[in-house]
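These notebook entries record what I looked up in one structure.

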Amino acid sequence: MSVWIFGYGSLLWRPGFPYVEAKAARVAGLSRRLEQGSPDHRGTPERLGRVATLVPAPDAHVGGLVYALAPAETDAILTALDEREQGGYDRVTVHAELHGEATANDGETAIEAITWIARPGNPWHLGPAPFETMVADVLEAHGPSGTNVEYVLRLSETLATLGFEDDHVSSLAEAVRAALGSRPGHSTRT
């Protein structure tokens, strides 16, 4: 029986681990929000980048990918992901519905998957903010994994490619592109 990982942020375009298969999936009752500060990937402790977490939203669902892990590699992958997500995230299990025609190896359309969620109260939690503040945060932050601008634009583009609508992410990406377009010498390409 495979262990599944649910990716909804950078795991969508940069999983960084081997997997047996990937399938589109949705998790009900949660919404993706860029309310978590990144002190170690898309920002620094002095200038946090804004990255995705999941927040309760009873009437919503969040789209992403589930990855099936090979049993022999599961422990090492989970250890590596715990380290990757150490900036305020907790490992949790979610109920994921496979999207569209997708089914698991056993024919199931719903699976339990592991993901990482940053909850309010962790040291790097930024929480909701006025849109202008969020755009300013994104424009200024960068860290070892790259700029926060790249993160937001890649997330928006990846979600669109996968066919998942996310008004929060797409609106923020559009505002970031507009702000970059008004700066001399800046490009909106990722």
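**Helix α4**

I began with the outward side of α4: the face turned away from its buried side carries the exposed residues D167, E174, A178 and G181. I keep in mind throughout that the model is predicted.

I then listed the buried residues of α4, which are H168, V169, L172, A173, V176, A179 and L180. Viewed down the helix axis, these buried residues fall within an arc of 125 degrees, so they line one face of α4.

I also checked the length of α4, residues 167-181. At 1.5 Å a residue, its 15 residues should span 21 Å, and the end C-alpha atoms are 21 Å apart, which agrees.

**Largest cavity**

The largest cavity holds about 300 Å³ of space. I counted 23 lining residues, of which S10, V51, E85, Y89 and Y151 are the closest to the centre.

I then asked where the lining comes from. The elements that give two or more residues to the lining of the largest cavity are β1 (3-7), β2 (21-38), β3 (49-69) and β5 (110-118). The lining of the largest cavity divides into nine nonpolar, nine polar and five charged residues.

**Aromatic pairs**

How many aromatic pairs does a search of the whole structure find? I recorded five. I looked at F17 and Y19 in detail: their ring centres are 6.2 Å apart and their planes stand at 70 degrees, so the pair is edge-to-face, an angle over 60 being the criterion.

I checked the accessibility of both partners. F17 counts as buried because its relative accessibility is 10%, under the 20% cut-off. Y19 has a relative accessible area of 39% and is therefore partly exposed.

My last entry concerns the grouping of these rings: F17, Y19 and Y67 form one aromatic cluster.

Definitions and conventions. Residues numbered from 1 in each chain as written. Predicted model: local features only at pLDDT ≥ 70, side-chain atom pairs only at ≥ 80, totals over all residues. Heavy atoms only, no water. Phe/Tyr/Trp six-rings, centres within 6.5 Å; stacked < 30°, edge-to-face > 60°. Buried < 20%, exposed > 50% of the residue type's maximum accessible area, 1.4 Å probe, protein only. 1 Å grid on protein atoms, 1.4 Å probe; cavity = no way out; pocket = protein on both sides within 12 Å on 5 of 7 lines; lining within 4 Å. Points joined across faces, edges and corners; volume = space filled by probe spheres on them. Helix = DSSP H or I, 4+ residues; strand = E, 2+ residues; numbered from the N terminus. Nonpolar A, V, L, I, M, F, W, Y, C, P; charged D, E, K, R; others polar. Expected span 1.5 Å × (residues − 1). Arc of directions from axis to C-beta.
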